[in-house]
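Have the structure open while you read.

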Protein chains: 2
Amino acid sequence: MSSPTYELLYWPGIPGRGEFIRLVFNAAGQAYKDVCNEEEDGIKSILALLSPSSTTPIFAPPALRITHIDKNNTPLLIYQTPSILSYLGDALGLAGADNAEKAWIQSHALTALDLNNEAHDTHHPIASAKYYEEQKDEALKKAQDFREARVPKFFGFFERVLKANEEGKGRFLVGGKLSYADTTLWHVLSGLEFAFPKELEARKKDYPLLFEAFYPSVKEHSGLKEYLASEKRQPFSNGVFRHYPELDRQ
Amino acid sequence: MSSPTYELLYWPGIPGRGEFIRLVFNAAGQAYKDVCNEEEDGIKSILALLSPSSTTPIFAPPALRITHIDKNNTPLLIYQTPSILSYLGDALGLAGADNAEKAWIQSHALTALDLNNEAHDTHHPIASAKYYEEQKDEALKKAQDFREARVPKFFGFFERVLKANEEGKGRFLVGGKLSYADTTLWHVLSGLEFAFPKELEARKKDYPLLFEAFYPSVKEHSGLKEYLASEKRQPFSNGVFRHYPELDRQ
């Protein structure tokens with residue numbers, strides 16, 4: 001019986017929600033195929049799953065296809081970022097040591113993903129399929145509320161989580177080792193720093209564990225450090241995180 | 001060793017995100033305490049978890065506290081609706097029979113919860129902590145996009161899922177028995193029918209499996225039928241789902 005093989009199915013050229021999955025693979029040292037970034041017509045695999053005739057319909061990418069998982073070699077297909085993260089976290093040792101750790105890691109990762117979604121909605125508050133320019137007035141209002149009310153609420157929460165987890169010494173949200181909650185929150189912070197540089201600069205000092213211990217340490221983790229310095233890491237551009245200076249603190 | 005006991009911690013008086021958890025308990029025939037609806041000062045339990053001094057900080061309710069879970073009797077606390085659902089689904093037999101079913105049930109439940117969140121955002125597109133009346137202009141635009149673009153996208157997807165799952169005969173999203181994905185989607189459909197009655201009436205005929213097989217059958221399930229007819233079920237009012245006639249189809 002061979003080892004499981006992993007194929008990530010996500011849009012090419014942007015970090016997007018696929019990046020949460022890529023970070024887990026890299027942190028665990030697990031090889032994977034990033035189909036759309038590695039194969040010229042990789043996007044066809046996604047379109048097939050989204051097609052009305054798919055026998056395994058997914059709502060949206062990312063999806064993960066795992067083969068060689070059991071002796072019958074039935075491939076397993078998972079979609080929705082939190083589902084993929086909890087599955088992979090378990091399979092690759094980044095999901096916690098017991099039920100309590102697993103529950104906290106999953107819950108904190110979901111909270112970081114909520115922050116990710118709210119960051120997306122700052123530039124698309126009305127219609128996700130329309131252009132930013134068509135909803136710019138509303139985006140200005142949404143971004144102001146996000147910066148003034150939501151960012152401090154989320155940052156304050158994660159600061160408290162880091163403080164309450166003494167074993168983590170500010171470096172891990174749960175327990176004493178890296179989990180997929182850490183990589184997920186780290187990527188969201190990194191996206192916020194790209195999208196709202198002035199807002200983050202102004203707020204960092206209020207959350208010392210988050211920005212002096214957690215944020216600098218996660219990216220030094222073996223596997224992540226090499227990946228983040230490589231060309232495999234897609235730069236932020238016009239995905240979930242976008243840098244529109246007018247949406248940042250003025 | 002006694003059986004686990006379950007305490008749901010959620011705001012009183014509304015279905016809200018707590019309802020997804022209540023439906024799982026009732027579908028499984030599992031007793032639970034709905035703390036804020038059953039105890040006069042139950043809300044203090046939530047405020048303690050949200051307080052800056054909490055040693056187990058949660059970002060927001062719902063949370064679930066489980067005691068008598070192991071021989072050390074260490075209580076387990078979980079927050080975030082999808083985390084609670086996947087834990088309870090496993091514990092109470094509503095999460096699927098194998099890895100593939102578990103993955104699909106979790107992913108489809110997350111997709112139904114995304115629809116739930118988008119329904120909330122129709123009346124609060126700019127700032128979740130401000131009044132509807134302060135963001136009514138934006139709500140009119142957001143609700144229009146939700147009704148015209150998002151609702152058919154989600155309904156079309158779930159119709160395809162029901163069609164692809166032949167074993168479910170239109171009654172179950174995954175496999176041949178009820179799962180927490182079914183109860184979760186059912187509650188969202190029920191909330192949409194409350195909030196957007198004209199829109200749903202106009203669209204139902206396009207999704208026959210969803211509205212002629214799935215939606216009427218889930219509420220007849222043993223456990224759910226009794227709960228839904230009881231006074232324990234909180235009516236929709238001013239929570240996630242709100243009936244503002246101006247946001248419905250005109």
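Two rings of Phe, Tyr or Trp (its six-membered ring) count as a pair if their centres lie within 6.5 Å. In this predicted model, Phe59(A), Tyr79(A), Trp104(B), Phe154(B), Phe157(B) and Phe158(B) form one aromatic cluster. Over all chains, the structure holds 30 aromatic pairs.

Here are two of those pairs, both from chain B:

| Pair | Centre to centre | Angle between planes | Type |
|---|---|---|---|
| Phe146(B) and Phe196(B) | 5.4 Å | 40° | tilted |
| Phe157(B) and Phe158(B) | 5.2 Å | 65° | edge-to-face |

The Phe146(B)–Phe196(B) pair links distant parts of the chain, 50 residues apart. Phe146(B) belongs to helix α6 (residues 136–164) of chain B, while Phe196(B) is in the loop between α7 (180–195) and α8 (197–203). Phe146(B) has 2% relative accessibility, so it counts as buried, and Phe196(B) is buried too, at 4%.

How about the other pair, buried or exposed: what do Phe157(B) and Phe158(B) count as? Phe157(B) is buried at 1% relative accessible area, and Phe158(B) is buried at 0%.

Now the lysines. The charged end of Lys153(A) sits over the ring of Phe59(B), 5.2 Å from its centre. In chain B, Lys219(B) lies over the face of Tyr215(B), at 5.4 Å from the ring centre.

Lys136(A) is in helix α6 (residues 136–164) of chain A. Its relative accessibility is 35%, so Lys136(A) counts as partly exposed. Lys136(A) and His123(A) are 13 residues apart in sequence, with 7.3 Å from C-alpha to C-alpha.

Methods. Residues are numbered from 1 along each chain as its sequence is written. Chains are lettered from A and ligands numbered from 1 in the order in which they are written. This is a predicted model: local features need pLDDT of at least 70, side-chain atom pairs count only at pLDDT 80 or more; totals for chains, interfaces and linings use all residues. Side-chain values use heavy atoms; hydrogens and water are left out. Helices (H or I, at least four residues) and strands (E, at least two) are DSSP runs, numbered from the N terminus. Buried means under 20% relative accessible area, exposed over 50%, partly exposed in between (1.4 Å probe, protein chains only). Rings of Phe, Tyr and Trp (its six-membered ring) pair if their centres lie within 6.5 Å; planes under 30 degrees apart count as stacked, over 60 as edge-to-face and the rest as tilted. A charge sits over a ring if NZ of Lys or CZ of Arg is within 6 Å of the ring centre and within 35 degrees of the ring normal.
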